[in-house]
Amino acid sequence: MGWRNAFDNSKPLFVAVYATVIVGILFSSLYVISAIYSGKAATFSATSFQNNVGSSPSEQALNVSQSAVVQGVPSPNLNSRNVWTKPIWEAPNTKKMPKLETFRLTKELVQQRVKDNVVIVTFGNYAFMDFILTWVKHLTDLGISNLLVGAMDTKLLEALYWKGVPVFDMGSHMSTIDVGWGSPTFHKMGREKVILIDSILPYGFELLMCDTDMVWLKNPLPFLARYPEADVLTSSDQVVPTIADDRLDIWQQVGAAYNIGIFHWRPTDPAKKLAKEWKEMLLADDKIWDQNGFNDLVRKQLGPAVDEESELVYAYDGLLKLGILPASIFCSGHTYFVQAMYQQLRLEPYAVHTTFQYAGTDGKRHRLREGMVFFDPPEYYDAPGGFLTFKPSIPKNLLLEGPHTVESHFTLVNYQIKQIRMALAIASVLNRTLVMPPLWCRLDRLWFPHPGVLEGSLTRQPFLCPLDHVFEVNIMLKELPVEEFGPQINIREYSFFDNPLMPRQVKDSWLEVQLCQEGIRDCLASNNTSPSGVLRFPKRSSEETFKTVFSSFKDVKVIQFSSMQDAFLGFADKIREERFRSRVKRYVGIWCCVAEQTPGHIYYDMYWDEKPGWKPLPPQTPQDDHPPP
């Protein structure tokens, strides 16, 4: 009985110990099971890709170039944190780059960025890194995080990964340099876009596909949600407004091409059918431009209207419901930078796409900088050597009087070219970066003959024209050989000092230079400023005078001249002069185009004023079709 009493007395202790052991076992089992499943769903390591749902990497991952669509991938664990689920711009907390196969596109990967079943996607190579970062920054500033970037080379992929941008590998193995519009590699990029669309739609997500040379200015998702019946909503190259509010453009009045730089796809059967046929068309014939192929397919049937209110139209196969985004607020390079259509209609723009420009990638970047919607690093706003700027002087009659003709346009532009030429010379002497002035034009520039401005457009005359309408921005920014063209002259956009990113230490370091006629009172070549901080400086000063006087102001960030009229006498060294002339002659481009003449373009001439009787005429013979000597 003693042993029994002992057992009875110890029973509470035994039960407590036993219960503790059982609970521990259950807790450990749950922890192990949780770890296994969360590891499969969200770690995105090479091992998890191989083991996920028991399939091989080739079954799990998508190499976009081979258009392998992944299906049946389990839903991710959205509570875990990795490059696709954590906040954008939050850098990885590791020093080791994950394996490349980690970044292959899968439904699971996309699902971790989707919100309200929508994902916004762009893609590119390393040459467009700054465009891509600008694209992402605009979206995150708008509070939008359901985005992904496709990397066409590993250099871009790694750079975006370390910056905390959700990125996937397109498997393109593309060059990291700018390929140039219209090149074979450019067309390959277009095919990659189509393959990407065809691959993502079967995942069941809505896809807002964008080119990298556009930026978002307003959240477009509520606008797109207003048209739930649309299979595809596309932007266009329309330059004549069809509506004066924020409805879809009237499809019967849109005669321009549909532009595939901004378009929204829903994962419907008609949309997936279109994407598949579009992809097959391009893969079968590498001479077809992706945008032309899209337009050809969509316009195979156009009409009737889906209903009387929405402006959706049956297109393609008669089943696809198409809508055309309003060009006034989903802007092209023309409706935004030339017409400012959204301003005239008192609307808020959603996006701007840098089409209708004339200087390649450099021109696109400069356009966005002029619009103050490009994000540059801090050093862009505080260049070594400081900045030079001036107040342009344009007589009223050149701007506003008389008819808008080729002659009056060139008279106005040439007047400004002469001042800019002088400013470039002074910037070269002082080794400062020139902030270009606003440029005014009377006539639009296009690729074909036109009457000055496009009929039906809202282009005002005169208008503030983009720099690439007159100047070859890509040449101005190119590193030319110093032994042939003299030292590089860096430039900035006319809106530079208005940019909110301009640092205070630059704005506060400013010297006003008032040009004066030598011989009159207080007009001396000295470094003495007035009590208000203004430096009076003689017109027609020599190179040596410039260097001597302004050497005292090397630490001043900005020097602003009151004018460029007769400011500089010229270079002392004839070789330096010739090199400068060789450089800046290449800076100006063409105006296009007069009607009923081939060629119909007219060359701008940096030294027009040195040629008595100069007139704006197209080349009279094929032998004359070259830039001015």
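Let me start with one link in this predicted model. The disulfide of Cys 592 and Cys 593 is left-handed, with -85° about the S-S bond. Its sulfur atoms sit 1.6 Å apart. Both Cys 592 and Cys 593 are buried.

How many disulfides does a search of the whole structure find? It finds 3. Count the bonded cysteines along the chain, and the pattern reads 1-2, 3-4, 5-6. A quick reminder before the next one: a disulfide is a covalent bond between the sulfur atoms of two cysteines.

Take Cys 441 and Cys 465. Their sulfur atoms are 2.1 Å apart, and they form a disulfide. This link is right-handed, at 60° about the S-S bond. What does the pair tie together? Cys 441 belongs to strand 15, residues 440-441. Cys 465 is in the loop between strand 16 (463-464) and helix 16 (473-476). So the pair joins parts that are 24 residues apart in sequence. Buried or exposed, Cys 441? Buried, at a relative accessible area of 1%. Cys 465 is buried too, at 3% relative accessibility.

Next, Cys 516 and Cys 523. They form a disulfide with sulfur atoms 1.9 Å apart. The link is right-handed, with 90° about the S-S bond. Cys 516 counts as buried at 4% relative accessibility. Cys 523 counts as buried at 1%.

Cys 210 has 0% relative accessibility and counts as buried. Cys 331 has 1% and counts as buried as well.

Strand 18, residues 510-516, pairs with strand 19 in the parallel sense over 5 bridges. Within that pairing, Leu 515 stands opposite Phe 537 of strand 19.

On to the aromatics. A search of the whole structure finds 38 aromatic pairs. I have picked two.

The pair of Phe 103 and Tyr 161 is edge-to-face. The ring centres are 5.6 Å apart, with 85° between the planes. Where do these residues lie? Phe 103 is in the loop between helix 3 (57-60) and helix 4 (107-111). Tyr 161 is in helix 6, residues 154-162. The pair links distant parts of the chain, 58 residues apart. Phe 103 is buried at 0% relative accessibility. Tyr 161 is buried at 6%.

The second pair is Phe 387 with Phe 496. Why is this pair called tilted? The centres are 4.9 Å apart and the planes stand at 55°, so the pair is tilted. The cut-off matters here: planes under 30 degrees apart count as stacked, over 60 as edge-to-face, and the rest as tilted. Phe 387 lies in strand 13. Phe 496 lies in the loop between strand 17 and helix 18 (504-507). So the pair ties together parts 109 residues apart in sequence. Phe 387 and Phe 496 are both buried.

Ring pairs also build a cluster. Its members are Phe 537, Phe 546, Phe 550, Phe 553, Phe 561, Phe 568, Phe 571 and Phe 580.

Last, charges over rings. Where does Lys 137 lie? Over the face of Phe 375, at 4.7 Å from the ring centre. The charged end of Arg 581 sits over the ring of Tyr 607, 3.9 Å from its centre.

Notes:
Residues are numbered from 1 along each chain as its sequence is written. This is a predicted model: local features need pLDDT of at least 70, side-chain atom pairs count only at pLDDT 80 or more; totals for chains, interfaces and linings use all residues. Side-chain values use heavy atoms; hydrogens and water are left out. Two strands pair if DSSP finds at least two bridges between them. Helices (H or I, at least four residues) and strands (E, at least two) are DSSP runs, numbered from the N terminus. A disulfide is a pair of cysteine sulfur atoms within 2.5 Å. Buried means under 20% relative accessible area, exposed over 50%, partly exposed in between (1.4 Å probe, protein chains only). Rings of Phe, Tyr and Trp (its six-membered ring) pair if their centres lie within 6.5 Å; planes under 30 degrees apart count as stacked, over 60 as edge-to-face and the rest as tilted. A charge sits over a ring if NZ of Lys or CZ of Arg is within 6 Å of the ring centre and within 35 degrees of the ring normal.
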